[in-house]
Amino acid sequence: MLVGWGSTLAAMTQAQQVARAVATGVLGRDPGPMTRAESISHEVFVGDEAVVKVIGAGEHPRLEREIGLGPFLPAGLTAPLLSSGVHSIDGGEVRYACYARVPGAAPGMGLPGVDEVTACSLAEQAVRRLSLLHGWVPDGDASRILAERLDHGGFTGREGLLAEIEGVAVADRDGVVSPVLLDGLRGIGERASAYASREVPVHADCHWGNWLAADGILTALLDFEWARFGEPMDDWFFVIADSGEHVAAVLDVVAGLTSISPERLRAECEVREASYVTADIRLALTDPGAPGWLLPQRLARLNELIMERVWWRSGAGTRAI
């Protein structure tokens, strides 16, 4: 939401005004209806030809990262950036980015209503598209942006994961995380690789809510706010873990296309999920502004991760992120 802009309704109204003004300027005419899309970090408005993201200029800087990377990303990977900048309204400022509307709609987190054949086809396309990103060799400003350190919650190495787990133990003054679950997390951490490489560009948030598809064909990967240098497994995790009831089938697709054994994929996904879940639980325990649903949801998933060992059963996993 746009900080300091009054009530939620007023903030949304002003954000929509900004979005319409930006789209009008870019297109040179009235953009027509612009529908608000769901987003937990921005106000996003979608029209027939343009999509506009808006956020208070004093809020998190991830949109600026995405804007900075936009001109350099491999062609055809994401929606083209048409315009960006700062817009003044009612004595305040907002950051905006305007993108060309790409055909299609998001398959949705957990691939709801998608059959297994389609899920596997989407996964195969995702791996091939992400391989283009992983094969990109950025330089200059793009390399500098990707190299910036982010508190992304992902796996950075054994020492980092174990430190995060101990951070949860210290922050958990009310004992909401059972010792059994903490010990299970420590076991995952101790089995993890000592280091996580930072060798290739990764999207680092490529769940199925950030893709667009039309008639079963992927058309774009959106939201490069968390993009950074990492290793391909950081992206394979999201493709697999967010596949709902098709996790096992999608894992096999990724294994076949990447020549990574299913056993290694399961182990690496388990480590990455442990990293994200642990980081979210620590956030929920220490940040008064964390949403109320975060802690119970992540505790439930942690129980599945440790007690049910979801990454090692035949139908590994449910929506993990």
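Is Ser259 buried or exposed? Ser259 is exposed, with a relative accessible area of 70%. This is a predicted model, and the points below take its helices and loops in turn.

1. Ser259 and its loop. Ser259 is found in the loop between H8 and H9. The residue comes just after H8.

2. Leu111, another positive phi. Phi of Leu111 is near 50°, and this residue too is not a glycine. Leu111 sits in the loop between strand E5 (92–100) and H3. Here the accessibility is 2%, so Leu111 counts as buried, because the limit for buried is under 20% relative accessible area. Ser259, at 70%, is exposed.

3. Helix H8. This helix covers residues 247–258, 12 residues in total. From its first C-alpha to its last it reaches 16 Å. That is close to the 16 Å expected at 1.5 Å a residue.

4. What H8 buries. The buried residues of H8 are Val247, Ala248, Ala249, Val250, Leu251, Val253, Val254 and Ala255. They pack against three helices: H3 (116–135), H7 (233–241) and H9 (262–286). In an α-helix there are 3.6 residues a turn, so residues three or four places apart point the same way.

5. Arg272 in H9. Arg272 lies in helix H9. Its relative accessibility is 1%, so it counts as buried. Which residues does Arg272 touch, not counting residues up to four places away in sequence? They are Phe155, Glu231, Met233, Asp234 and Phe237.

6. Arg272 and Ala192. These two residues are 80 residues apart along the chain. Their C-alpha atoms are separated by 9.4 Å.

7. H2 against H4. Helix H2 (residues 62–69) packs with helix H4 (residues 140–147) at an angle of about 150°. Their axes are 9 Å apart. The angle makes H2 roughly antiparallel to H4, because angles over 145 degrees count as such. The crossing of the two helices is left-handed.

8. The H2 and H4 contact. From H2 come Arg65, Gly68 and Leu69. From H4 come Ala142, Ile145 and Leu146. By class, the contact has 4 nonpolar, 1 polar and 1 charged residues.

Key:
Residues numbered from 1 in each chain as written. Predicted model: local features only at pLDDT ≥ 70, side-chain atom pairs only at ≥ 80, totals over all residues. Heavy atoms only, no water. Axes fitted to C-alpha atoms, helices over the stretch in contact; angles between N-to-C directions. Helix = DSSP H or I, 4+ residues; strand = E, 2+ residues; numbered from the N terminus. Parallel < 35°, antiparallel > 145°, perpendicular 65-115°, else oblique. Left-handed = near helix turned anticlockwise from the far one by under 90°. Contact = heavy atoms within 4.5 Å. Nonpolar A, V, L, I, M, F, W, Y, C, P; charged D, E, K, R; others polar. Expected span 1.5 Å × (residues − 1). Buried < 20%, exposed > 50% of the residue type's maximum accessible area, 1.4 Å probe, protein only.
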